[in-house]
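Grab a pencil and let's work through a few exercises together. Have a look at the structure first.

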Amino acid sequence: MPITGSVLPRLVKIGRSVKILLMIDNEQQVEILERFSLESPGLGIWDVFIKVDVGSHRAGLMDSSPRLRRLIERAESSFAVSIYGFYCHAGHSYGCRDRESVDAVLQSELDGVLAASQMVPSTDRSFVLSIGSTPTAHAIKAIKDRILKRCIIELHAGNFPALDLQQVCTGLVSRADQAARILTDVCSIYPERNEALVNAGAIALSRETSSIPGFGQVVEQPDWHVVRLSQEHGILGLPSDGQPVTEGKQNVGDVFRVGQRVSLYCQHVCITAAAFHVYYVVDENDIVRDTWIPWKGW
């Protein structure tokens with residue numbers, strides 16, 4: 001996320017114990033950092049990543065944009081910032097459905113940050129080129145022979161350790177590779193519509209979707225999905241169902257019971273995980289071995 005002035009005082013405090021790297025994609029952000037430095041005597045130079053847009057169109061500048069070159073020149077001439085590297089995130093790679101398309105997106109990531117780094121007037125410096133999304137991280141070997149010796153590659157892929165249904169849809173991982181599950185209770189059963197109610201709704205699961213139906217999938221009964229949800233309520237059903245139970249179709253009363261606990265795979269674990277105050281780490285027998293407390297705040 002590109003920097004804003006409102007967070008700088010807090011970052012100064014945090015920077016006393018950890019290294020802070022900022023992200024910029026606009027010359028006005030350099031001006032903000034310069035003003036803050038003038039108002040804060042003794043403050044050191046901020047190390048910054050320049051954000052490059054490689055197709056997601058969420059933040060950053062395309063390498064074909066004249067604004068990118070102007071931003072690099074502005075940062076190079078600034079007394080308040082030093083270019084640490086160039087950063088991109090191919091969020092659109094989540095829409096890939098095969099290895100070939102993921103390889104192509106990964107190549108565009110590398111091309112984007114390399115092109116940006118070559119706009120720096122002083123070419124004898126080394127920069128960190130930060131690339132990667134969870135899908136493209138699985139294909140990193142495809143570009144190993146194209147990395148310049150003077151560049152340091154940083155691979156960021158926040159979802160890589162956990163995975164989710166969106167990642168399963170890329171074809172690069174299997175359903176069993178998912179590490180994150182949400183434990184929920186069956187609160188009621190409705191045989192007349194062949195559905196069950198669980199206490200995991202939009203807050204627990206988010207409203208993210210993928211080519212896998214619904215907003216979540218029952219781990220123990222993979223034919224059953226969270227087909228609807230509201231803030232706290234999730235409705236388990238068979239996708240495209242809503243019809244009376246017929247012969248050969250699973251009956252909700254035979255699959256679930258009130259009070260039963262079931263596990264759900266989520267569509268996008270990054271959003272889901274942000275809603276919880278603790279993560280229970282289990283072994284292969286689902287015995288809790290540790291608890292992790294996530295950092296909260298933006």
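Below are two exercises with worked solutions. This is a predicted model, so local features need pLDDT of at least 70, side-chain atom pairs count only at pLDDT 80 or more, and totals for chains, interfaces and linings use all residues. Residues are numbered from 1 along each chain as its sequence is written, and side-chain values use heavy atoms, with hydrogens and water left out.

**Exercise 1.** Work out which residues of helix α3 are buried.

Step one: find the helix, a DSSP run of H or I with at least four residues, numbered from the N terminus. Helix α3 spans residues 66-77.

Step two: check burial (buried is under 20% relative accessible area, exposed over 50%, with a 1.4 Å probe and protein chains only).

**Exercise 2.** Describe the largest nonpolar core.

Step one: recall that such a core is a set of buried Ala, Val, Leu, Ile, Met, Phe, Trp, Tyr and Cys residues joined through side-chain atoms within 4.5 Å.

Helix α4 gives the most, with seven residues.

Step three: look elsewhere. Apart from this core lies another, of 25 residues, including V186 and L238.

Definitions and conventions. Helix = DSSP H or I, 4+ residues; strand = E, 2+ residues; numbered from the N terminus. Expected span 1.5 Å × (residues − 1).
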